[in-house]
Structures are given as structure tokens and as C-alpha cells.
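Q: Can you walk me through this one? Keep it brisk.

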Amino acid sequence: MKKFLALILAVMMLASMAAVAHADDKVDLTMWCIATESDSNRHAYEAAIADVTAAHPEVNFTWEATENQAYKTKIKAAVAADEMPDIFFTWSCAFLKDFVDAGRVYCLDKELEAYKDELPEVMLGNTTFDGHHYGVPTTMNIVGLFANMELLASVGYDEVPGSYEEFIACCDKLIENGIIPFGCSGKETWCVTEYLESVIEKSCGAEALNDIFLGKATWNNADVASAVDTFQALVTKGYFDPEGIALSNDEVKANFMAGKYAFYMNGTWNCADFAAKPELDGKIQVAEFPVINADKATLGQLIGGPSDTLAVAASSANAEVAAQFAVELGREICHYGYLDGCGLPAWTPFYDASGINPLTQAVSEIVANSNAMVLFGDTAQNADAANTYLSYVDLVYGCATDGQGFIDGLTADIG
């Protein structure tokens, strides 16, 4: 009888343990992104993850962030080896399309259908291929010309110069007074493109540059060569901090915020960091780069658009769960990112946005008055073309080639 009772007790204990194990049986999901501790979007990611994981207790969610430049190498290698996390950050357009063409990305048509009233189709254009959706957009950004108005005031300017001639005159006055006009990370080539692409666009026009990036036209364009020479002249005249060649973007941005440079051209996600510093209140303005060649370009032609995206690996063991989680997460990242000032919303706001900081409001006005956008060059082009393009950008910034050499080399290597 004792043996029988002991057997019954053992069975009951096993049943109890099995029930506990079943209750703790969660779906494991992993995510990679670029929201490092120093990234403007860090808070938006943390807040969004807290909300979505609370709404999905059945999911065991882990994530890791890698710095922008290193992440591009990391995610490309992971895609090539088909060793991807369930959810991953990606840039849109050709950057994502390479992964889609390789069959590595889960189609999100079903999951996004339920949110079509909150997510305008126009925001999905850069992540839609052959009529199917492969990405969840978060925020959209443009390249902004950020200006330290205290430094500009010290040389007689109470607003950002509107014409290119006035802009150059302002930079010359800054140099004369021992102030460095531009801060730019040469260590991260994408930062150089924020300047160079704006110069090219405002020289040859948005349509011409967009056609080149999309492979509809060749790099053999005299206006592009002239624009590259214009940019290089800014370098040789000493407008850029010479120490910037060895600095990271975080270091350059910190220098700008500390008052070392008058101008900093970078993505408008930086509004969040600038607005968060009380000591910078009212000291920084944002504008668009001025027109260089009015015969080809106009104000309102911008670099940027919906690019930041979450995608799901087709190889995920829990792809459907990951897809639903990614859609909800992207929606919330947009929510918190917009409130923080990390960009304009890709999703229709469902919350009170009346307290948006003045810099982000100014960006909104610039975008509202825009007439064309060209997506960032290292995103709009496929991986091979983008890598080749960035290598020539490095040569230009280092004054190792000129405008003619730039277009000749890219025409030979890309088309």
C-alpha cells in the first residue's frame, strides 16, 4: 500500500511539473538593430519593446544593438549564411531588396493588411517588391543642415543663409574668425554622403540623381562631376574639421553640440538628441541645403524618405509570430520615436503629438514644402553598387580623385 501511494504521489508530481513546464513554454524571438546606447532611437526602442512584450507574455524576446557601420557588415554576412535573427532592422529600397531577392525575408502582406488604415501605402513603397510587402517602416527622415545660431550670430547672421553664395560667404567669415564651418565623420563614410549627396542633388536636380541611384542612368554626368568638384572645394578651403577624418559620427556630433562647428549635416533623427539638451534650447536651427545650380535644381528637393525598417527572416522557426510582433513593434517605435523627435512618423499618429519639439516641427515644415526626395545613396543602390560608390566617396573626401575621376570610375565600375 505504501508503495502504491508513493507511486501515485510520484505520478502527481510529474504531472504537476509537466503543467508548470507547459505554462513556461514561451516562443523565443530574437532581434538585431542599430539602437545602441548612444543612438537617438534608443529610448524609442526600449519603450516600444516594453509595451509589446507586456502585451505578449507568451513571447520570450531578446535583442541586441550594433553600431550603424558595423551592423551593415553583420547583417549582410548573416543573410549570406542564412543565420539571421527572427526580426532584424534594415534599410529599405535596394538594401532590403537584395535580401528579398535571396529569398531570406518573410512576406508581411497578411500581417500588414490589418493595419492598412494606420499605415499609408505611400510609406510602404520602399519596402514593396513585385506587389508584396517585406518591411515594417518606422520613422522617415531627411538630411538636415543643422546650424549653431550662436556661432552664426558671432559673424553677423541671425538665420541660416538661404542662397549658396550667402552660404559660402558665411563659411568664409566663420573661417576668418577661427570657427570651423563643418563637422563630418570621415571614419563613417555614410556621414560624408550626407554632405556630398546634398551638393550633387542641388547641382544636377533630384530626378537626375535618383535615376543614377536606381540604375536608370549612368554616372557619366557632367553635372555630377561639377558637383563633386564643388564639394571637394569645400574640403580644400578648410571648411571641414581636419580631425574629423579619424572621428566617429558620435564624436563629431558631440563636438557640434559642444559648439566646435557651425554646421552639421546629418539625418533629422538627431533632433531628438539636440532637443533633449536644455543648454541647446533655441541655439540650433535646421534648414535644407541651398540650391547651387538653379537651372537644374530647386528648393524642396531633399535627400531622404522612409528608410528605417523592421523585417522578419523567412528562416525563422516562428515566422508568423515574429511577423505579428514586428508589426506591433514597428508601430510603437514610430510612436515613441516621433514623440522623442527621431523623425517624422511613417504611421498615422494615434496619440497627442502637440508637444513635438520645435526642431522636429521645423523638419515637418521642410518636408511639407518638398517636391522630391532621393533616398540615401547607400540604401537606394544594391549592395555591390553601394560599396563601390562609398569607396569613391572616400577618395573624394580624401582628395585622392576629382569630379571627373569620380564619374569615370563609377561609370566603369557600375555603369
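**Charges and salt bridges**

A: E166 has 43% relative accessibility, so it counts as partly exposed (buried is under 20% relative accessible area, exposed over 50%, partly exposed in between; 1.4 Å probe, protein chains only). This is a predicted model: local features need pLDDT of at least 70, side-chain atom pairs count only at pLDDT 80 or more, and totals for chains, interfaces and linings use all residues. Residues are numbered from 1 along each chain as its sequence is written, and side-chain values use heavy atoms, with hydrogens and water left out.

Q: Where is E166 found?
A: In helix α7, residues 164–176. Helices are DSSP runs of H or I with at least four residues, numbered from the N terminus.

Q: Switching to salt bridges, how many does the structure hold?
A: 17. The criterion is a side-chain nitrogen of Lys or Arg within 4 Å of a carboxyl oxygen of Asp or Glu.

Q: How far apart are the closest N and O atoms of D378 and K72?
A: 2.7 Å, in a salt bridge. D378 lies in helix α15 (residues 377–380) and K72 in helix α3 (residues 68–81), so the pair ties together parts 306 residues apart in sequence.

Q: Is D378 buried or exposed?
A: Buried, at 11% relative accessibility. K72 is buried as well, at 13%.

Q: And what about E243, which residue does it form a salt bridge with?
A: K260, with the closest N and O atoms 3.3 Å apart. E243 is exposed at 51% relative accessible area, while K260 is partly exposed at 29%.

Q: Which residues are linked in a network of salt bridges?
A: E37, R42 and E46.

Methods:
Helix = DSSP H or I, 4+ residues; strand = E, 2+ residues; numbered from the N terminus.
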